[in-house]
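I opened this entry to record what I looked up, topic by topic.

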Amino acid sequence: MENVPTENNSNGNGEAHGTDFSWALYALKGGKKVARSGWNGSGMFLWLCKHTPDAIFQIDFNHSYPVGDYIVIKTAQGTVESGWRPTSADMLAEDWVVVE
């Protein structure tokens with residue numbers, strides 16, 4: 001993707017500053033990891049998990065479905081959770097950053 005946020009607009013701490021959630025979503029689609037600036041002390045960040053042609057979710061022997069793209073979060077507890085969804089506060093925030 002063109003104009004994906006990079007470290008060129010860095011704050012000197014290894015974070016590229018953006019603004020709103022649309023910027024963060026664009027960065028995710030471009031392969032970057034993003035976080036809210038308030039999250040960084042706890043090591044939390046998001047990334048986009050892209051599907052692969054052979055990725056399937058198998059319910060039982062007779063039913064399986066292809067897996068689509070989804071956003072994953074690394075939590076403050078160090079676990080990884082798939083299917084992250086932003087809150088209204090996340091979508092309205094203007095403190096999103098790209099993390100390395």
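I take strands as DSSP runs of type E with at least two residues, and helices as runs of H or I with at least four, both numbered from the N terminus. By that rule phenylalanine 57 falls in strand 4, residues 56-60. I note at the outset that the model is predicted.

**Overall layout**

Read from the N terminus, their order is β-α-β-β-β-β-β-β-α-β. I then looked at burial: of the 100 residues in the protein, 28% are buried. For the accessible surface I have about 6,500 Å², and carbon and sulfur atoms account for 53% of that. I also checked contact range. Taking contacts between residues at least 6 apart in sequence, I find that 55% join residues at least 24 apart.

**Aromatic rings**

How many aromatic pairs does the structure hold? I find six. One of them is tryptophan 39 with tryptophan 96, an edge-to-face pair with 5.5 Å centre to centre and 80° between the planes. Tryptophan 39 sits in the loop between strand 2 (33-36) and strand 3 (45-49), while tryptophan 96 belongs to strand 8 (residues 96-99), so this pair ties together parts 57 residues apart in sequence. I list both tryptophan 39 and tryptophan 96 as buried.

Next I took tryptophan 84 and tryptophan 96. Their ring centres are 6.4 Å apart and their planes are at 75°, so I file the pair as edge-to-face; the cut-off for that class is over 60 degrees. Tryptophan 84 is in the loop between strand 7 (80-82) and helix 2 (88-92), and tryptophan 96 is in strand 8, 12 residues apart, and the pair links distant parts of the chain. Tryptophan 84 is buried, as is tryptophan 96.

Which residues do the ring pairs link into a cluster? I get Phe21, Trp39, Trp84 and Trp96.

I also looked for a charge over a ring. Lysine 33 lies over the face of phenylalanine 45, and the distance from the ring centre is 5.0 Å.

**Nonpolar surface**

I went back to phenylalanine 57. Is it buried or exposed? Its relative accessibility is 53%, so I count phenylalanine 57 as exposed, the threshold being over 50%. Phe57 also forms a nonpolar patch on the surface with Ile59 and Tyr65. Together these residues have about 340 Å² of accessible area.

**Threonine 75**

With 7% relative accessibility, threonine 75 counts as buried. What does threonine 75 contact, leaving aside its neighbours within four places in sequence? I find Met44 and Glu81.

**Salt bridges**

My search of the whole structure returned three salt bridges. In one, the side chains of aspartate 90 and arginine 36 meet at 2.8 Å, N to O. Since aspartate 90 is in helix 2 and arginine 36 in strand 2, I note that the pair ties together parts 54 residues apart in sequence. Both aspartate 90 and arginine 36 are buried; for arginine 36 I have a relative accessible area of 17%.

Another salt bridge joins the side chains of aspartate 95 and arginine 36, at 2.4 Å, N to O. I read 22% relative accessibility for aspartate 95, so I count it as partly exposed.

The remaining entry is lysine 50 with aspartate 69, whose closest N and O atoms are 3.5 Å apart. Lysine 50 is in the loop between strand 3 and strand 4, and aspartate 69 in the loop between strand 5 (63-66) and strand 6, so the pair ties together parts 19 residues apart in sequence. Lysine 50 has 52% relative accessibility and counts as exposed, whereas aspartate 69, at 39%, counts as partly exposed.

Which residues do shared partners join into one network? I find Arg36, Asp90 and Asp95.

Notes: Residues are numbered from 1 along each chain as its sequence is written. This is a predicted model: local features need pLDDT of at least 70, side-chain atom pairs count only at pLDDT 80 or more; totals for chains, interfaces and linings use all residues. Side-chain values use heavy atoms; hydrogens and water are left out. Rings of Phe, Tyr and Trp (its six-membered ring) pair if their centres lie within 6.5 Å; planes under 30 degrees apart count as stacked, over 60 as edge-to-face and the rest as tilted. Buried means under 20% relative accessible area, exposed over 50%, partly exposed in between (1.4 Å probe, protein chains only). A charge sits over a ring if NZ of Lys or CZ of Arg is within 6 Å of the ring centre and within 35 degrees of the ring normal. Patches are made of residues with over 30% relative accessible area and no salt bridge: like charges are joined within 9 Å, nonpolar side chains (Val, Leu, Ile, Met, Phe, Trp, Tyr) within 5 Å. Accessible areas come from the Shrake-Rupley method with a 1.4 Å probe; for residues, only the protein chains shown count as cover. A salt bridge is a side-chain nitrogen of Lys or Arg within 4 Å of a carboxyl oxygen of Asp or Glu. Contact means heavy atoms within 4.5 Å.
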